[in-house]
Every structure is written in structure tokens, then in C-alpha cells.
Amino acid sequence: VMASCRNSLAELGKLSVEELCSFKGIGEAKAITILAACELGRRRKEETPVKKEKISSSVDVYNYLYPLMVDLPIEECHALFLNQAGKVIDSVRVSSGGVAMTAVDNRVILREAFMRRASAIALCHNHPSGTASPSSEDRALTRRAASAVELLDMRLLDHVIITSDSEQFYSFADHGDL
């Protein structure tokens, strides 16, 4: 089939279903599949690659997640999964709780990080109460998470606490608590 198109995918994509069906072993379903694959390739070529944001400070974590978390009425914890260059692979809510707390399971964080082949993680959770000061549970979570990700050769870059006050947040890294 490719030889009849001079090994050109562009030429292959111009063939009709009927023309493809004239080749031995190609029926209508396979011909449609070939043309669909050519069309997907053409569309992918036309797309502009998505620019991944780089996270290099607590302010970057805050700016990335603040719009998602500022108005939440309950506590949630989100994890940013980063590649080796510190660029965001994905952002995932890893727990959702009540007004005063959320229980975070490190196994959930590690599973999501492992599936995304993350090299680093930044945690972020909100305090609907409006106070940015970390609780003893927040400090314990940060210690456990740092130890857990280290076992998988990853880094915990930061754990940021966001409040509804747009000027106030707490960074464990900035305060030397990591």
C-alpha cells in the first residue's frame, strides 16, 4: 500500500476507502481505520504544543493552584506532579475533607506520581478558616510525604497552605520546614 503511494503518508491520506479496499487484505473497516489514522496525524501536526508551566518556587505553586482552591468551602489537598525540569505534568486533587481538616493518604499521592512518571511533587491544601499557619497534622503530613517520595527517588519541593486571603499563604520550603 505504501509503495503505491511512493511511501508518502500525505498521499496515503488522499486515497478513498474504495481505493484502499482494492488492496488484498484491506476491507472497508481497515480502510476507514487507515484514513482515520492519517487524519489524526494531520491534525496533530497542525497543533501547537501545550506549554508546560515551570514550578521553581512557592509563589509558582501558589499562583498555579490559588484559582482552583481559593473559594473552596472545605479543605482539599492537591498535588502538582513535575518532570525533571520542574515543569507541570499534571495537577490532581488527592483528598477532600471537611471544614477543619482533610485526611491525605501518601499511597494515593505516590500512586498518582508513579503513574505520571513524576520526578518531583509539590503539595498544596487550603484552610477555609483563613489562617495560613500550619497545624501539627499539616507538619506531620509534610514529614511523612517527604520521607515517602524520597523512597521512590522523587523530591517534595514544597507544601503550600492557601487561604481565602489573596496575600497570605504558608510555604514549608520557605520556612525551612522541609
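The legends below describe close-up views of a predicted model.

**Figure 1. Overall architecture of the predicted protein model.** The protein contains 6 helices and 5 strands. Read from the N terminus, the order of elements is α-α-α-α-β-β-α-β-α-β-β. The C-alpha trace spans about 70 × 35 × 25 Å along the principal axes. The radius of gyration of the protein is 24 Å, whereas a compact globule of 178 residues would have one near 16 Å. Of the 178 residues, 38% are buried. The structure holds 10 salt bridges, and some of these are taken up in the views that follow.

**Figure 2. Arg6 and Asn7 in the segment before helix H1.** Arg6 is placed ahead of helix H1, which covers residues 9-14. Asn7 belongs to the segment before H1 as well. The phi angle of Arg6 is positive, near 55 degrees, and the residue is not a glycine. Asn7, also not a glycine, has a positive phi of about 55 degrees. Arg6 is exposed, with a relative accessible area of 65%. For Asn7 the relative accessible area is 60%, and this residue too is exposed.

**Figure 3. Salt-bridge network that includes Glu39 and Arg43.** Side chains of opposite charge can pair when their charged atoms come close. A network of salt bridges links Glu39, Arg42, Arg43 and Glu46. Within it, the side chains of Glu39 and Arg43 form a salt bridge with an N to O distance of 2.8 Å. Both Glu39 and Arg43 belong to helix H3 and are 4 residues apart, which is about one turn of the helix. Glu39 is partly exposed, at 28% relative accessible area.

**Figure 4. Ala36 of helix H3 and its separation from Gly13.** Ala36 is placed in helix H3, which runs over residues 28-46. With a relative accessible area of 38%, Ala36 is partly exposed. Along the chain, Ala36 and Gly13 are 23 residues apart.

**Figure 5. A positive surface patch of lysines.** The patch is formed by Lys51, Lys52, Lys54 and Lys87. One of these residues, Lys54, is found in a loop that connects helix H3 (28-46) with helix H4 (58-69).

**Figure 6. Glu75 in the loop between H4 and E1.** Glu75 is located in the loop that lies between H4 and E1. Its relative accessible area is 6%, so Glu75 counts as buried. Glu75 and Tyr62 are 13 residues apart in sequence. The C-alpha to C-alpha distance between Glu75 and Tyr62 is 16 Å.

**Figure 7. The salt bridge between Glu76 and Arg93.** The closest N and O atoms of Glu76 and Arg93 are 3.3 Å apart. Glu76 lies in strand E1 (residues 76-82) and Arg93 in strand E2 (residues 88-96), so the pair ties together parts that are 17 residues apart in sequence. Glu76 is buried, because its relative accessible area is 9% and the cut-off for buried residues is under 20%.

**Figure 8. The salt bridge between Asp105 and Arg107.** In this pair the closest N and O atoms are 3.0 Å apart. The two partners fall into separate exposure classes: Arg107 is exposed, with a relative accessible area of 64%, and Asp105 is partly exposed, with a relative accessible area of 30%.

**Figure 9. Leu141 of helix H6 and its separation from Val104.** Leu141 is found in helix H6, which spans residues 136-151. The relative accessibility of Leu141 is 7%, and the residue therefore counts as buried. Leu141 and Val104 are 37 residues apart in sequence. In space, the C-alpha to C-alpha distance between Leu141 and Val104 is 7.5 Å.

Technical notes. Residues are numbered from 1 along each chain as its sequence is written. This is a predicted model: local features need pLDDT of at least 70, side-chain atom pairs count only at pLDDT 80 or more; totals for chains, interfaces and linings use all residues. Side-chain values use heavy atoms; hydrogens and water are left out. Patches are made of residues with over 30% relative accessible area and no salt bridge: like charges are joined within 9 Å, nonpolar side chains (Val, Leu, Ile, Met, Phe, Trp, Tyr) within 5 Å. Accessible areas come from the Shrake-Rupley method with a 1.4 Å probe; for residues, only the protein chains shown count as cover. A salt bridge is a side-chain nitrogen of Lys or Arg within 4 Å of a carboxyl oxygen of Asp or Glu. Lys and Arg count as positive and Asp and Glu as negative; His and the chain ends are not counted. The place of a charge is taken as NZ of Lys, CZ of Arg, CG of Asp or CD of Glu. Helices (H or I, at least four residues) and strands (E, at least two) are DSSP runs, numbered from the N terminus. The radius of gyration is taken over C-alpha atoms; the globule rule is 2.2 Å times the number of residues to the power 0.38. Buried means under 20% relative accessible area, exposed over 50%, partly exposed in between (1.4 Å probe, protein chains only).
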